[in-house]
Structure formats: structure tokens, C-alpha cells
Amino acid sequence: MQTTHIMVVEDEQLTALLLRSVLEHRGFRVTCAFNGAEALEHFAADPADLVVTDLKMPGMSGYDLIVALRRVSARLPIIVATGIVEHGAFQPNDIKVLHKPIDPGELLRTVAQLVS
Amino acid sequence: VSHSYDPVLVALSVAVAIFAAYTALALFGRSQHRPGRLNQWLAAAALAMGGGIWTMHFIGMLAYRPGMGVSYDPWLTLLSLLLPISVTGIGLYVVSLPGSATAKLVAGGLLMGSGIVGMHYLGMAAMRMAGWIQYEPFLVGLSVIIAIAASTVGLWVALKVRARWQTLGAAVALGLAVSGMHYTAMAAATLVPDGRHPLPHGVGISPATLAAAVGAAAMGLLILSHFLAAYHRKLAIAAELQAETLRSSEERYRALMKNSSDVIAVLNERGEILDESGSAARFLGNTVIGRMFLDLVSPETQGAAKGFLAELTRGSDREVKRDLTLQCAGGRRLEFEVIGTNMLTLSSIRGLVITMRDVTERKRMQRELNHQYKLATLGKLAAAIAHEMSQPLNAIRIATMDCIMRLEEGRPDAQYQEQVLRIAAEQAGRLGSILDHIRGFARRDDEGRQLFDVRSSITKTAALLGRQLETQGIKLTTSLPSTPVRVAGSPLQLEQVLLNLLSNASDAIEEKRNGAGAIQIQLSTMDKKVVIQVADNGGGISSESLDQIFDPFFTTKPVGKGSGLGLAISYDLMHRMGGGISAQNCGAGAQFTVWLPCRGELAGAADANDAHHGS
């Protein structure tokens, strides 16, 4: 079976690094982007099977990224990892929301649930 | 020739002499307000005395019935009037001069006495009759002695007496002496009729004319006396009025001071309370006069109070001001703003004047306002703080839980564990420093003053808000000198001010929503001041708002966004640290200038303590 490709979009480098380590250790292929614009660039070159994104980021925010990604792929699984409480109305089936601080176990379970 | 006296006229002559002496003494007394000076009072006294002697003499002459026809030479008669006036004037002037009293009295008495004697014998020489006058040498000598003695005593009395009854007594003595001299001299004279003695040619003054002249002179005396009395009355009324004005003005000030909420007290240089306004009783209890000022000051501000007295006693021209806590009646402790002025050299006060105003309520409100503002700002900053804290918390949670999961999965990796734990510990430290900052910010009490480097305050504030500003798309740049910039004050309060300025700047930029936001903080020193300039490109402040932005509850922000307290508190904080804050428009936005007195590197801890007392 082909390795699942996950893209982590996170402006905080340390968080991105840790998430990458958590996911790679469980056998996922991980690419990192530090804002929405960079994520779209990477996605165009190397589409991911799942995107984990922060909401509040400099430049292009997580909201704008989700809108843009939905145009490319309507069924792409997306996990929003955010510290913001009022995060707007996301369709529950399309997008899972995880609150910071993130529980890596919950992240792995959500990833497993979405890619299955 | 047989002669006789008219007793009524003799009595009148004595009365005139006494009356003249009284008038002259009273006038002379008045002239002594400006002793040693020729003035109108002295001249009037001479006129009264000289004229009085002359009048007495000629009334005496009218009373005398020599038994033969007598008229008077007009020139000699006139001379006999001028002589006593001028000699009496000189005599009075001499005694009014400064110098030895005895010498003055001897000289004055001799002058005046010889004047009186001269007048008498001139008056006698003015007589024209068919005969001549024979004098008895012993009685003539006696009359001279009486005149000189009476004059000396009269002048002595004139110098000594003050009360009206004393003047009256002296006038009786002097008047009796003058008339006594006259009648002694008259007793010395015997008219010897001599048919061969021709009557001199020319017009003589008849006794009737003389009576008229004497009457006129007496009238003159009366007029002088009348003016004196009128003047006395006027003076008395003026004095009464003045006393009344003074009394009512003093009463008014007493009442004002007593009912004033300020306590005014006068201390001597040792700090003992000599006098107070009467309002002290309300705060400090009834008897503060005689107590030491320092005994009223509560222990925690003793140091400040000692410094206050020392500075005040040193005698500077300017006011000395301190905030002191005083032990008040009923065990209360009230905060007073105490202002002192050194008036030790002012003859009417000769003390240290201090004004104390109860500022307990004002201070409480100030603290309350400051506290409320802190809470409001804290709420506004809560989002930023949450964002700031969520990152390290997130990292710690991911790292530690992943570590646990890997242990549970039975695949421990010592190198990974160590790396991850280090990250967790580091992030926990970061959280701790954020917490420290919030704790300091929310603290109610003012922090003690200390010497600190302004650069670190700017760096800390920038670090606290930097990330939030970044996510808002605002670029924050700081321009700091490479060497420490020291000031005395509270670093947390300065950071509070800077946080407020940055938060205002970011609000202004966000509201404008036009291009990239930028905030520039620049630190520099000029003219012994440390100057921090915070400039933004948020569109600036309207000119009408510029005048009001430091007023409490003034805000340009939408309802619910700004408390209107931020800049007011900043203004207060900066002034309490001995500095200031101002605003202007500059380029594309507003520029706030915050300044503090420069302390440099030489200022020691003692210096910082002094600054604290002054706050």
C-alpha cells in the first residue's frame, strides 16, 4: 500500500517539527508549509492525501487556504488545529477540528479515521 | 502811684496761659511722630506757646491799673509777639533733636526761658506813659529764674508725657509758671511818674486796641486748638476704622483658614509646630501646637518627612512638596500632600510654612482607576496572551504525549526522548516568563522604584506583542542604542505605557485596513532626557482629538473597544515617574513621545531612593 502523504501547515516552526516527527514515526510521509500560500504551492507540485492546518497565520490564513483547497479537491480530508475557539462553521464531515494544545493520540486517531 | 489789678482779668490771664500751654504741649506731642524734623505741628506748637505767653502778658497788662494813662509802642509790641514765638519754636526744635536729654533740656530751657523774659521786658518797654519804670533787681532776677526753670520743666514734661491727663497737669504747671513769672516781674516794677518824661511821638496803641489784639490772639489760640481737636477726632475715627477693617479682615482669614480643608501650620527650624490654621483639629486632634511635626508622620513615610524638613530648612526659594502619611485622630492614617515654603527670614512669620491637603480619597481613586484600567487592558490583551501561551503549551503537549505513546508502543528511543524533553522544559520556561509578565502587569501595588535599562523594557514589550502584531500583518521595528540607557522608575509601569501605545497603534492600523502596517520604536537620549518615540502609519489623530487624548474616558475607538483610560493612565504613570508623554502627527500616522529624566550610569541606589520619596 502506498504511503499516505500528509501536509502540515503551521507557522510555528517548533510545532511543525514536532507534528512531523509524530506523523513520520507512524509511517506517514510529511511535507511542511509555513503559511497558506506556501501550502498551495506545495500542493500543486505534490498533492497530499490529508492536510493539517493552523488557522491564524501571517500572509494567507488557514480559512483562505481551506477555501482554495476546496476548489481543487472537494473531498480532501482536512484537520484544523487551532487555538481559536470561535472557528466558524465547518462542515463536520469534511473538516475535523482539533484544539490546541493538540493531543498527538487524538491527531493520529483522527488521521486514521479520515484516511480509511 | 497807687496801682491795682482787675481780679477777673488776672484770672483770665492765668487761664489763657494754661490753655495756651495745653494746646502747645498737645501740638508738640503730635510733632514728635517725626522727631528732629521741622514740621507744621512744631510750628503750631511754637505759635500757641509764644502767642499764649504774649496774650497772657497783655491780659495781665490790661488787668493792671497803673494809675496813669498808658499806651503801647506798636513796633515793640509786635516784636514782643514775634520774639516768644520764634524762641519757643527754636527751644522745642532743640529738644526734639536726637541726643542727650539733659543737654537738650538745658539748652532748650535757656532759650525758651530767655524768650519769655525777653518778651515780658520788651512788652514793658513798649509802654508809653508820663513816667518811668523802676525795677527791683532781686525780683527781676527771680522772674528770670522762674522763666528758665518753668521752661525747662515744661519742655521736660513735653518730652515725657503721653496721656491726656498728664498733658493737662503739665499745662496747668506751665501756665502757672508763665503767669507766676509775669506777676513776679510786675512786682519788681514800680512806675515812677515824671512830668519831665515826655511822651514819645507817634501813634501808640491804646488799651482798647490792645484788648482787641489780645482778643484776636486768643481767638487764634482757640482756632489752633480747634484744629487740633478736629484732627484728633479725625485720627481717632481713622484709627477706629482701620482697627475695624483689620479686625474683620483677620476674622475673615481666620474663618477661611479654620474652615479650609487644608491645614496650614508654621514650624520652627527644629520642626516644632508653632501655629496652625485651626483646621488641624479635624484631622490631627486638638493640640498639635508645641508638638514635633515628625511625631505626626506615620513610620512608613518618616524618611520622606525628614528629607522634606531638611530640604525646607536648607532655605531654597522654591516650594518643597512631598506625599506623607499622617497619624490622625482615632487611629486613622491619611495621606497628605504636604507643600512647604521657607519663611524663616520673613519677619512677620519667621518659620517654615506648610500646607497639608488630605489626598487619601484622590489617591484611592487614582489607584482604583489604575487598577480598573489594568483589568481592562488585561482583558484586551487576553487574546494576545492566549495566543502567546498556546504555542509553547501545544509544543509541550505534543512532545510529552508522543513520548508516552512511544513508550506504550514499546519502542523507546532514548535520543528522541531526551530531545523532546528538552523542548518541553524550554517551552515551560517560556510559559513561565509570560506568566511573570502578566503577574507583574496585574499587580495592584506600585512597584518600588529602581534603576533599569529602558532597552530591556522595550525588548520585553515588543516580544510580548510582537507575535500578535505579526499575525495582524504589522511590522514592528525597534531602534535601540548599543549601550544601556538607565532611568529611575518602575520598569513594569513603563512597559504598561508602551503596551498601551503599541495596542493603540495596532488598533489604528487595523481600523485603517490599508496596506502594510508598521510601528517603529526609537530610543534616544537628548538634553538629559531619555526619549522613546513610538510611531505608526495608522492614519494619525484628528487635531481636535489631539487636545483630548490624555483626558480620562476620552476615546476615538468604537463603543466597547476602548476604555478611554489607557492614555490617561499612561500620562499619570509617566508624570509620577518624573517624565511625560505627548502626541503629534508625523508622516502617515501618529507619533507618541515618552520621556524620562536620564540617570546615566553614575546614579546609585541612593539616588533612586530619593526619587521614590519625591513620588
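Predicted model: local features only at pLDDT ≥ 70, side-chain atom pairs only at ≥ 80, totals over all residues.
User: How much of chain B is buried?
Analyst: Of its 615 residues, 44% are buried. Buried means under 20% relative accessible area, exposed means over 50%, and partly exposed is in between, with a 1.4 Å probe and protein chains only.

User: How many helices and strands in chain B?
Analyst: Chain B has 17 helices and 18 strands. Those are DSSP runs, numbered from the N terminus: helices are H or I with at least four residues, strands are E with at least two.

User: And what share of its contacts is between residues 24 or more positions apart?
Analyst: In chain B, 71% of the contacts with a separation of 6 or more. Contact means heavy atoms within 4.5 Å.

User: What about chain A, which order do its elements run in?
Analyst: From the N terminus, β-α-β-α-β-α-β-β-α. That is four helices and five strands. Of the 116 residues in chain A, 52% are buried.

User: Back to chain B. At what angle do α14 and α16 cross?
Analyst: Helix α14 (residues 491-512) and helix α16 (residues 566-576) of chain B cross at roughly 150°, and their axes come within 10 Å. Axes are lines fitted to C-alpha atoms over the stretch in contact, with angles from 0 to 180 degrees between N-to-C directions. α14(B) and α16(B) are therefore roughly antiparallel; the cut-offs are under 35 degrees for roughly parallel, over 145 for roughly antiparallel, 65 to 115 for roughly perpendicular, and oblique for the rest.

User: Which residues meet there?
Analyst: From α14(B), they include B:Leu494, B:Val497 and B:Leu501. Among those in α16(B) are B:Leu567, B:Ile569 and B:Leu573.

User: New topic. Is B:Ser80 buried or exposed?
Analyst: B:Ser80 counts as buried because its relative accessibility is 0%. It is found in helix α3 (residues 74-96) of chain B.

User: What lies 2.6 Å from a polar atom of its side chain?
Analyst: The backbone oxygen of B:Thr77.

User: And which residues is B:Ser80 in contact with, leaving aside neighbours within four places in sequence?
Analyst: B:Trp54, B:Phe58, B:Met119, B:Leu122 and B:Gly123.

Terms used
Residues numbered from 1 in each chain as written. Chains lettered and ligands numbered in written order. Heavy atoms only, no water. Polar contact = N/O pair within 3.5 Å; in protein donor to acceptor, adjacent residues only side chain to side chain.
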